[in-house]
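Visitor: I'm new to this structure. Could you show me how to read a few of its features?

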Amino acid sequence: MGESQEPEVPDHTVGRESADSVEEPSAPPARSRRNEAFLTGAVYGMLFMLGVMTGFVGGFQHGWYLGGVPASAVGLVLFLFTVLLWAGWSMRSKLAAFTPAAGWLIVSFLFSTPRGEGDLVIAANLAGYVYLYGGALMVLAAVLLTKSARPWTTRQLPGSDPLPD
């Protein structure tokens, strides 16, 4: 008798859901999609800057020889290949592998273009050729070896019907 019971409040939502509360579990909220897009863009920007810095350092350091072999150019080309594969693997995208490559290509080819004064950073010698052509081949190899999470040909466009399985 000394126990008081709280009256039960009827739950009007049991067994039915209002139209406002129904959400698809697979569709993230718009704010989450915006944050994800911003983060993805920031990562791609950083990957591009990583490629620019790789090209900048490589342009000035590719000319070291070890017994007649351009060891520095070979090492820098292998480093570039590793960076590109890592970028593509971590983002699961060929675009992510090509983004730092684009930064490297821009800097490297600007450094190999002679200026009006006759100055250039990457000379037309064995080390320069190994660095430029070897790097270009590594860009191609890294992009081709990167596997995308889902091929771009089968991606669903926003607002389109889902693809049949």
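Guide: Happy to. One cut-off to begin with: a residue counts as buried when its relative accessible area is under 20%, and as exposed when that area is over 50%. Keep in mind that this is a predicted model.

Visitor: Then is Phe-111 buried or exposed?

Guide: Phe-111 has 16% relative accessibility, so it counts as buried. Phe-56, with a relative accessible area of 40%, is partly exposed.

Visitor: How do I describe a pair of aromatic rings?

Guide: You give the distance of the centres and the angle of the planes. Here the count comes to 5 aromatic pairs. In one of them, the ring centres of Phe-56 and Phe-111 are 5.7 Å apart with the planes at 55°, so the pair is tilted. Phe-56 belongs to helix 1 and Phe-111 to helix 3, so this pair ties together parts that are 55 residues apart in sequence. Ring pairs also link Phe-56, Phe-60 and Phe-111 into a cluster.

Visitor: Why is the pair of Trp-104 and Tyr-131 called edge-to-face?

Guide: Planes over 60 degrees apart count as edge-to-face. For Trp-104 and Tyr-131 the planes are at 65° and the centres 5.5 Å apart, so the pair gets that name. Trp-104 sits in helix 3 and Tyr-131 in helix 4 (residues 126–145), 27 residues apart. Both Trp-104 and Tyr-131 are buried.

Visitor: And what is His-62 in contact with, leaving aside its neighbours within four places in sequence?

Guide: The list includes Ser-72, Ala-73 and Leu-76, along with Val-121, Ile-122 and Tyr-131. His-62 itself is in the loop between helix 1 and helix 2, and its relative accessible area is 5%, so it is buried. On helix 2, Ser-72, Ala-73 and Leu-76 are among the buried residues.

Visitor: How far does helix 2 reach from its first C-alpha to its last?

Guide: Helix 2 spans 30 Å with its 21 residues, close to the 30 Å expected at 1.5 Å a residue. After helix 2 comes Arg-92, with a positive phi near 55°. Arg-92 is in the loop between helix 2 (71–91) and helix 3 (94–111). Its relative accessibility is 54%, so Arg-92 counts as exposed.

Visitor: Which residues form a nonpolar patch on the surface?

Guide: Phe-48, Met-49, Ile-106 and Leu-110 do, with about 370 Å² of accessible area together. Helix 1 (30–61) and helix 3 are the elements that give two or more residues to this patch. Take Leu-110, which lies in helix 3: with a relative accessible area of 58%, Leu-110 is exposed.

Terms used:
Residues numbered from 1 in each chain as written. Predicted model: local features only at pLDDT ≥ 70, side-chain atom pairs only at ≥ 80, totals over all residues. Heavy atoms only, no water. Helix = DSSP H or I, 4+ residues; strand = E, 2+ residues; numbered from the N terminus. Buried < 20%, exposed > 50% of the residue type's maximum accessible area, 1.4 Å probe, protein only. Patch = residues over 30% accessible without salt bridge, like charges linked within 9 Å, V, L, I, M, F, W, Y side chains within 5 Å. Areas by Shrake-Rupley, 256 points an atom, 1.4 Å probe, with all protein chains shown as cover. Salt bridge = Lys/Arg side-chain N within 4 Å of Asp/Glu carboxyl O. Contact = heavy atoms within 4.5 Å. Expected span 1.5 Å × (residues − 1). Phe/Tyr/Trp six-rings, centres within 6.5 Å; stacked < 30°, edge-to-face > 60°.
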